[in-house]
Amino acid sequence: MLLHQTLLDIDDLHQFSDQSTFTQNIPVEWIESALTLTQSATIRRRRLPTDQVLWLVLGMSLFRDEPIADVARRLNICSQGLANESLLAKSGISTARQRLGSQPLEWLFRKTGSHWGRERYPHDDWNGLQVLAVDGALFRTPDTPELREHFGSGNTSSNRQTPYPVMRLVGLMNTRSHIMLDAQISPYRKGEIRMAESFIARIPDHSVTLLDKGFWGADLLLNIGFNGDNRHWLIPARKGLVYEEVERYNPQDKLLQMKVSAQARKRNPNLPETWEVRAVTYDINGIEKTVYTSLPYAQYDTEMVAELYHERWEIELGFRDIKSSMNNNALTLRSKKVELIYQEAWSLLLAYNVVRREAGQAAIAYQRLPGEMSFKAAYCYIASQLIVMAQAQPISKTGTRLSHLRSGIGELCVNYRPRPSRPRTVKMSKTRYPVNRHAAPLK
């Protein structure tokens, strides 16, 4: 049985749920729309058609440690009989990936992310607002002349280059459901603020966006509020800013006025000369922290705002799930061509969202919160079940097997344990080889 039939067979799924099933995550019409973006078209009847190549690339993200040919064989991706060496040559699989390109995966990720990220769950909002977060991450690629020329190298204190080319990713995540709504991928040399500006207009209305201090800028922050309805932001304070105090609400909360820099107004002449931000100060273990926000004091008091910023860490956990659980802590991505690197990155994000949404839907079905689900356990469980369902017969039993899949995921919750009281120390050296202190660090 084919993987795309497994994921898209929706005839028997109503027995478990109307719209929260694994196979209904990606509708057929979305797949058809994405495939119109392929770089080349053909009327040949191929053993590995374009739609099956898309599922193969998605399967590569779920089985990072296996060769691509083994992924096709395990998931039985072939239009003529069983996917074995006699039907699918390794060179043909590589050619099929290049024929598909990265655009269909990028379009499909943005479509699913926008649709799933706006879904509302019980207890998923914060005082009527969806909580979102923006942050960046770096991915290393194999060291080839083509990839180093395109992606560039990480910055060092000298002229040395980092050992591997570096790709930059900036994402927008729903911190309650952990769905990645949008993302931008580029070479290392492009800054995170410029990348985030590309999807700021697509932030949902009635939301608050949490940002890292590296995204500080009047143009970016003001556009979050200008381009939507009831959209707010929250970001840590920066040192050395010049401001005037307009109003003090209490000792820990005040309204400030600052000038918009000449550089920002040159880039965007529509910006005002001055802008107002609210500064909220709170204490953590005797250390004072301050955050700036556009949330009005009349609706959101000091304590509420101070507690909210801690949720920004959820996007860091999302990047950890992609790098550690899905990519298996690999030193680099596996592709060696520029277009295939982008294809692999978009497929990682799409596969991450599929696992997160199915885990979230299972959590709701069992009266749990999406954030309580263990991503690694759900990811491993779904990957193993896909292998079973790809070989299972008859096809008519797919709905029953998928309902069992949902019930299994519903039990994979995170077990919260207290932190150990002992200090964190290194027990032994990680390598028996001498360390080159003059080499550029890995980033």
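Start by selecting Thr175, which is buried because its relative accessible area is 2% (buried means under 20%, exposed over 50%, partly exposed in between, with a 1.4 Å probe and protein chains only). You'll find Thr175 in the loop between β3 (166-174) and β4 (180-187); helices (H or I, at least four residues) and strands (E, at least two) are DSSP runs, numbered from the N terminus. Now show what Thr175 touches, leaving out residues up to four places away in sequence: Val131, Leu132, Ala133, Glu311 and Glu314. A contact here means heavy atoms within 4.5 Å.

A quick note before moving on: this is a predicted model, where local features need pLDDT of at least 70 and side-chain atom pairs count only at pLDDT 80 or more, while totals for chains, interfaces and linings use all residues. Residues are numbered from 1 along each chain as its sequence is written, and side-chain values use heavy atoms, with hydrogens and water left out.

Next, the rings. How many aromatic pairs does the structure hold? Nine. Rings of Phe, Tyr and Trp (its six-membered ring) pair if their centres lie within 6.5 Å; planes under 30 degrees apart count as stacked, over 60 as edge-to-face and the rest as tilted.

Pick Trp126 and Tyr300: they are stacked, 5.3 Å centre to centre with 15 degrees between the planes. Trp126 sits in strand β1 (residues 125-126) and Tyr300 in the loop between β10 (287-293) and α11 (302-308), so this pair ties together parts 174 residues apart in sequence. Both Trp126 and Tyr300 are buried.

Then jump to Trp233 and Trp275, a tilted pair at 6.1 Å centre to centre and 40 degrees between the planes. Trp233 is in strand β6 (residues 231-236) and Trp275 in strand β9 (residues 274-284), so the pair links parts 42 residues apart in sequence.

Now for charges over rings (NZ of Lys or CZ of Arg within 6 Å of the ring centre and within 35 degrees of the ring normal). Select Arg168, whose charged end sits over the ring of Tyr188, 4.5 Å from its centre. Over at Phe139, the charged end of Lys323 sits over the ring, 5.1 Å from the centre.

Last stop: Asn285, in the loop between β9 and β10. Asn285 counts as exposed because its relative accessibility is 78%. Its phi is positive, about 55 degrees, although Asn285 is not a glycine. Most residues other than glycine have a negative phi.
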